[in-house]
Amino acid sequence: MSARQEADRRSPSRSESTEDHLERIQELVDRNGYARVSDLAEALGLSSSTVSNMVRRLAKRGYVNYQRYRGFTLAAEGAAVAAHIKDRHRTLTELLTLLGLGPETVEREVEDIEPHLTPQTLAALSALVGYWKAHPAELKAFRRFQTGT
């Protein structure tokens with residue numbers, strides 16, 4: 001089983017906070033090559049001590065490569081989880097945008113919905129996004145039905 005499949009399989013056991021931390025760590029690593037507790041705390045709007053405790057817990061669970069007083073990165077499992085979260089976020093963003101919702105609504109709804117999706121639901125929504133992108137006439141027909149025009 002690949003790390004990404006393992007991340008998908010384990011998703012119900014991860015808290016929303018864990019996923020938020022992993023997602024922001026990946027963003028910081030993508031931008032800077034590493035993450036620091038102070039940068040992560042700022043990105044999440046949390047105290048450094050709260051984030052430091054969470055990073056230590058993430059390291060114990062094998063998600064983060066962490067050394068005290070140094071920057072940290074995601075371990076392979078953490079990177080797989082972060083990739084899954086990014087894919088889920090992208091799929092939901094695309095779906096809600098295709099449905100005609102505005103950017104502010106899309107952003108708010110994605111954050112509210114994404115932690116609650118099962119892998120099966122995400123796969124179905126991803127297939128729908130793919131279908132509508134491959135068949136734009138079907139999307140237009142749905143949008144006409146949606147608006148009653």
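Analyst: The model is a predicted one, and helix α5 covers residues 76-98. Within this helix, Asp87 and Arg90 are placed three residues apart, about one turn of the helix, and their side chains meet in a salt bridge with an N to O distance of 3.1 Å. Arg90 also meets the side chain of Glu94 in a salt bridge, again given as 3.1 Å from N to O; because Glu94 and Arg90 are four residues apart in helix α5, about one helical turn separates them. These pairs belong to a network of salt bridges that links Asp87, Arg90, Glu94 and Lys133, while the structure as a whole holds eight salt bridges.

Another salt bridge, between Glu23 and Arg24, has its closest N and O atoms 3.2 Å apart; here Glu23 counts as buried at 9% relative accessibility, and Arg24 counts as buried at 18%.

Helix α5 also contains Thr93, which is partly exposed, with a relative accessible area of 26%. Apart from neighbours within four places in sequence, Thr93 is in contact with Val106 and Val110. The C-alpha atoms of Thr93 and Val106 are separated by 6.2 Å, although these residues are 13 residues apart along the chain.

Terms used: Residues are numbered from 1 along each chain as its sequence is written. This is a predicted model: local features need pLDDT of at least 70, side-chain atom pairs count only at pLDDT 80 or more; totals for chains, interfaces and linings use all residues. Side-chain values use heavy atoms; hydrogens and water are left out. Helices (H or I, at least four residues) and strands (E, at least two) are DSSP runs, numbered from the N terminus. Buried means under 20% relative accessible area, exposed over 50%, partly exposed in between (1.4 Å probe, protein chains only). Contact means heavy atoms within 4.5 Å. A salt bridge is a side-chain nitrogen of Lys or Arg within 4 Å of a carboxyl oxygen of Asp or Glu.
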